[in-house]
Amino acid sequence: MRAAIEAAAEGLNVAVVSKVYPVRSHSVAAQGGINAAIKDTDSWENHMFDTVKGSDYLGDQDAIEILCKEAPRDIMELERMGAVFSRDPSGNIAQRPFGGAGYPRTCYLADRTGHGLLHLMYEQLLKHEVFIYDEWHVARLVVEDNVVRGIIAIELRGGKLHRLHSKAVIIATGGYGRVFHTTTNALSSTGDGMGLALNAGLELMDMEFVQFHPTTLKRTGILITEGARGEGGYLLNSLGERFMANYAPTVKELASRDVVSRAEKTEIDQGRGVNGCVLLDLRHLGADRINERLPQIRELAINFAGVDPLTEPIPIRPGAHYSMGGIMTDVDGATKIKGLYAAGESACVSVHGANRLGGNSLLEAVVFGRRAGAAAARRCLACAAPEFPDSALRDSAHDIADILRRDNGETASALRQEMTLVMEEHCGVFRDSEKLIAGLAKIRELKQRYGKVSLSDKGDYFNSELLAVLELGHMLDVAESIAAGAVARKESRGAHYRTDFPRRDDREWLKHTVVRKEDSELKISYKDVNISRYEPKERTY
Amino acid sequence: MALLRYAYYPGCASHEITKEANETTIVVAARLGIELVDMPKANCCGAGLLTDYDYPLSLALNARIFAEAESLGLDIMTICSTCLMVMNTANRDLRNSPELLEKTNAILARTGLRYGGNVKIKQLLWVLAGDYGIGNLKKQVVKPLNWIKAAPFYGCHSLRPSDALGFDDPMKPWSLEAVIEALGAESVDFKGKTKCCGFQIDLVDEETAAKMTATRLLDGKGKGANCFVTPCPFCHINLDNYQSLAEKAASKKISMPIFHLAQLVGLALGLSSGEMKLSRHLVSPEKIIK
Amino acid sequence: MKIKFKIKRYNPAEGEPAEPYFQAYTLDVEEGMSVLDALLKIADEQDTTLSFRRSCRSSICGSCAVNINGFARLSCATQVMPEYAKMGDMVIEPLSNHVPLKDLIVDFNPFWSRIEKVAPYLTPTSRRARRRGDVPARENDGARVTARDEEAIDKSQRCIMCGCCNSECNALEIDDRYIGPAALAKAWRLVGDVREGNSRKRLERLSEEHGMWNCVRCVHCTQYCPKSVSPLKQIESLRSRAMKEGVLDNPGAKHVEAMADSVKRVGRLDEAAMTFRTLGFLRSLGMIPFGLKMERHGKMPKPLLFPQIENIAEVRDIYEEAERLEKEDRERKKG
Ligand SMILES: Cc1cc2nc3c(=O)[nH]c(=O)nc-3n(C[C@H](O)[C@H](O)[C@H](O)COP(=O)(O)OP(=O)(O)OC[C@H]3O[C@@H](n4cnc5c(N)ncnc54)[C@H](O)[C@@H]3O)c2cc1C
Ligand code: SF4
Ligand code: SF4
């Protein structure tokens, strides 16, 4: 949406196509905040260093420099558009500390930062009279001769296929958390854009890097913010021990996300879990502190786990949270297909490298969304509309008719269930060669079976089942890319942890993984990391 | 049972337009042994309109009412749901925020009044179903109203906002039904029982108000009610006084008698229709009174 | 525990005209399961054709509002066990006051157009903004909105546009041109923002027919909003701002003005004077035949006949004090 606003401000005719209404996008769930060095005592260089280090030196430093330099201007711009960032007592924008940052530089709107910013973007869409095609699901990117021609989308309401002919297309479809069984992501975070891109011939980068958040609610995977540990919450195993003391003796619960996630997984795997979870205990903080500082957490625990943290510990476990990888782009969101751009979580510029810092992804979506919008606008002003091939609509219609025609096959939901379990088991917090190879094989087997999936709803109106089939197709592609990248990368870096190669290996692996599809087979290649200011060092906190 | 005593706040409507509600409440309370202490100084709660005018002022005016009850050492009993809602909402805000209470008392200071935050506000329905008790009420019934099929019309303000009112459950209210059944009558369930009668916009948008009143009446009638009973005089004004407007809006004859809560209770206690001032109603309930 | 769900189904593709019907599903429910979990489970395991909206499943995206046992709730934030224990039933229907499209999915376009009607974006006028110092002098200075300014609009900012309030709204039930609580909460988000440059114009627009004065104060919106936005409170804020800014030429504002006046004069509501002032002389004449009938039953309000309350001087003092303190406060803010 940030991209659309930028392009519309240039006077272009812009439309946003989204399978959910724009304010329902998953950015709405971001709680913590958005980073920017806006104080005199902080600097963009500090922000950059923290981000580079956080990325385990895999982030591209030219991109990170842009991100950190432009962050303050974007924050001010958001505020001028109408956001009200929370204030400090003197009336300036308040900032809170976040994991992996050497300075409290996370701006926030209470504990609803993403919600506030997403609604702001929606307001600006209306202000700029951007056309909204809501509940339209993009089924295909139309590309010919390496130039994008537009898209084909299904209008969910009546099931009609539409062609949208355009000079530029920006993919901003968010993450793929739903590929995993336990995830903080929305039901709609199915990585569609990455799947679409792969099928259009684009390259995905660093897909094996999946951030696992250590505190997600039992059963639903709903995020319990890092703040719960920041406020002094304990992590306990079934024996009632604060087990983090054995993994990170000094910082204990406040160790970084990957470390805590691995510790929890170890406890659970070694039989010291409680029904597949460990416990987050806040009781010793007392009712006042919990009600004042963590009201939303209490509400979530009561509503979604039936547990009141005032009287009971909260069952939690690690869950897939963020997709560091995505569609490979340059710092203007451009891909190698002309007129096709990507931004936000679906893109990989790459600013997060092997591990993302909290508060940097909303920032990425805003900064690179704006840049992609501007770049796309420049292109649109400079070129004539390329022709839209007639066959595209026919082909899409054909594909869908194909799916609808099938009978007596497995259901998409059964297959999806299996896929998420495979990914969790084989590509999760701990990985090793044996598990990964077996996992990749299973995903490929699922892809075979996917071809025979059938549905019982053959109607045109809000066919959620058809949507589920289309999403599953993308998810399987994404899953395969993750697994393939992970099999190949024989080191541990950031969120990618191999028990058989537990160390980072800069000599061999300081490079991006790039996958693309050739004749429906994935091909892997590698790309150098841009290193300008900060040479790789060991990452310790 | 301990003697029940309340600072009695009938509300503006029942001083004049629906004074039968006031008068019959006094008779019924006396019969049940509930003592009602007058509040001659009490001002209007604002009926929500003063909330629209100026919230701090509205709080202060309500605090003035509470201060009077506090000086009597009594909780308030009203017979108006809107007063109940307005006063309880103000009371909630004042009790939740010491800062707000202080500010409000600063406005009161010139009058020499002060509110300490210790008053509870109830309405007749709550007193009957709560403090007095359904069981005790049943024992007082001498003339069970077993031919009456009453639609329990809560309206809005005796149930919501529940965080300020708290007595009954807006999703599954029970108190009015329980009272009706205690009187030996049958309670008729209908979806509209917790909805709005239209009163608040009678003077702003007559057409919508009349349609709304008609919808509620027809809803209850459709479910087989032969009368409505309401704890709120404003609901009574719309359902009874303005029933003819509702009939016009719906182009249908409705002819639904509407009781104030106290009247129905009074009849079951053996009081006469004269004592219950039934002749004051525009839609006569006489025909269903035996 | 096995629980029976009765779900309202509707599919316009099934025959002309398609009729909605209830379908029952029995489901094994475990502790902590939400209604959304249950719907997902039914769709996964029993009936893949069942359609409903969902996304974040953590009560922040606003997609999954449905009618549960008669009241609008987010299906993700409503737990099955306690709900069943309380209501003894599990009836799931599409939101009220909205047109169903398929099963539990309703047409949300009217909802969005209502939001669009209030021009839901900040329109600072640069001059005013500059005078207030809202345009940051330095890059890192931020727009000057104090914590107190933020508090005034805090609740209205929490709205997730789920439509629960509009679904429950009694005014909307009867008058489908009514702007509705969600849009009004949004309107206060803007009118109440110190940086907004067009508050008065907005208030004038909102005071038109089917606008903010058409709320019947049924309190449903505030009761059922899952995010504690308290739309009614925001409506009250809009109204009293309009009173202060002198946007008075409409029945709603006149009604309130008459009330404030009546309480100041006699300490009570003076129904006759209010009818007269709100409707104006000619329209209240139109009520005469009707009034005669009321008169016969002694129900015609008689202006000034009933006595003033005791100590009316106190009430007037309170008016003056409230006004004085408010003025002081305003001046302090300016200074
Ligand atoms: C619980 C949680 C908390 C977080 N907290 C923070 C935080 O505090 N700070 C921070 O910086 N980051 C945080 N993040 C990460 C951050 O929120 C996301 O990375 C970011 O919001 C992604 O934005 P986006 O615009 O790329 O994607 P999204 O907001 O997910 O939007 C994707 C859009 O694409 C549409 N779409 C997808 N597929 C299709 C299709 N096939 N056809 C049509 N439309 C489609 C969707 O409908 C949606 O509108 C958090 C993430 C989660 C899950
Ligand atoms: S005000 Fe509340 S109920 Fe209404 S749309 Fe917003 S969040 Fe939903
Ligand atoms: S209080 Fe007003 S806006 Fe809210 S639901 Fe009732 S009529 Fe609608």
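This briefing covers the chain interfaces, the salt bridges and a few individual sites of the structure shown above. The model is predicted, and the values below are computed from it. Chain B and chain C bury about 6,200 Å² between them, while chain C and chain A bury about 5,100 Å². Over all chains the count comes to 94 salt bridges, and one network of these in chain A includes Asp56(A) and Arg504(A).

**Interface of chain B and chain C**

- The contact draws on 66 residues of chain B and 64 residues of chain C, and carbon and sulfur atoms give 61% of the area of about 6,200 Å² that is buried there.
- Asp52(B), Met171(B) and Leu203(B) together supply 13% of the area that chain B buries against chain C, which is more than any other three residues supply.
- Between these two chains there are 10 salt bridges, and the side chains of Lys195(B) and Glu173(C) form a salt bridge in which N and O are 3.5 Å apart.
- Polar contacts between chain B and chain C amount to 26 residue pairs, with both residues at pLDDT 80 or more.
- On the side of chain B that touches chain C, the elements giving two or more residues are helices H2 (49-53), H3 (55-72), H5 (98-108), H9 (206-222), H10 (233-241) and H11 (243-250) of chain B, and H9(B) gives the most, with 6 residues.
- Sorted by class, this side of chain B holds 31 nonpolar, 18 polar and 17 charged residues.

**Interface of chain C and chain A**

- Here 67 residues of chain C are in contact with 62 residues of chain A, and carbon and sulfur atoms give 49% of the buried area of about 5,100 Å².
- The count of salt bridges between chain C and chain A is 8, and the side chains of Glu123(A) and Lys186(C) meet in a salt bridge with an N to O distance of 2.6 Å.
- Polar contacts across this interface number 33 residue pairs, again with both residues at pLDDT 80 or more.
- The elements that give two or more residues to the side of chain C that touches chain A are H1, strand E6 (100-102), helix H3 (109-117), helix H5 (147-154) and helix H8 (181-191) of chain C.
- By class, the side of chain C that touches chain A consists of 28 nonpolar, 17 polar and 22 charged residues.

**Ser51(C), a residue in contact with chain A**

- Ser51(C) sits in the loop between helix H1 (35-46) and strand E3 (65-68) of chain C, and with a relative accessible area of 0% this serine is buried.
- The side chain of Ser51(C) reaches the backbone oxygen of Phe462(A) at 3.1 Å.
- Apart from neighbours within four places in sequence, Ser51(C) is in contact with Phe462(A) and Ser464(A) in chain A, and with Lys102(C), Asp103(C), Leu104(C) and Ile105(C) in chain C.

**Salt bridges within chains**

- The side chains of Asp56(A) and Arg504(A) meet in a salt bridge at 2.6 Å, N to O; Asp56(A) lies in the loop between helices H2 (44-54) and H3 (61-81) of chain A and Arg504(A) in the loop between helices H14 (464-488) and H15 (506-509) of chain A, so the pair ties together parts that are 448 residues apart in sequence.
- Of these two partners, Asp56(A) counts as buried at 6% relative accessibility, whereas Arg504(A) is partly exposed at 23%.
- In chain B, Arg114(B) and Glu102(B) form a salt bridge of 3.2 Å, N to O, with Arg114(B) in the loop between H5 and strand E4 (121-123) and Glu102(B) in helix H5, 12 residues apart.
- Glu102(B) counts as partly exposed, at 42% relative accessibility.
- Asp219(B) also forms a salt bridge with Lys223(B), the closest N and O atoms being 3.8 Å apart.
- Through shared partners, salt bridges join Asp56(A), Glu208(A), Asp258(A), Arg262(A), Arg489(A), Glu491(A), Arg493(A), Arg504(A), Asp506(A) and Arg539(A) into one network.

- E11(A) runs antiparallel to strand E14 (residues 314-323) of chain A, to which 6 bridges join it, and Phe212(A) stands opposite Ala320(A) in E14(A).
- Asn91(B) lies in helix H4 (residues 81-96) of chain B and counts as buried at 4% relative accessibility.
- Beyond its neighbours within four places in sequence, Asn91(B) is in contact with Phe66(B), Tyr115(B), Val119(B) and Ile121(B).

Conventions:
Residues numbered from 1 in each chain as written. Chains lettered and ligands numbered in written order. Predicted model: local features only at pLDDT ≥ 70, side-chain atom pairs only at ≥ 80, totals over all residues. Heavy atoms only, no water. Pairing = 2+ DSSP bridges. Helix = DSSP H or I, 4+ residues; strand = E, 2+ residues; numbered from the N terminus. Contact = heavy atoms within 4.5 Å. Buried area = accessible area lost by both parts, 1.4 Å probe. Salt bridge = Lys/Arg side-chain N within 4 Å of Asp/Glu carboxyl O. Polar contact = N/O pair within 3.5 Å; in protein donor to acceptor, adjacent residues only side chain to side chain. Nonpolar A, V, L, I, M, F, W, Y, C, P; charged D, E, K, R; others polar. Buried < 20%, exposed > 50% of the residue type's maximum accessible area, 1.4 Å probe, protein only.
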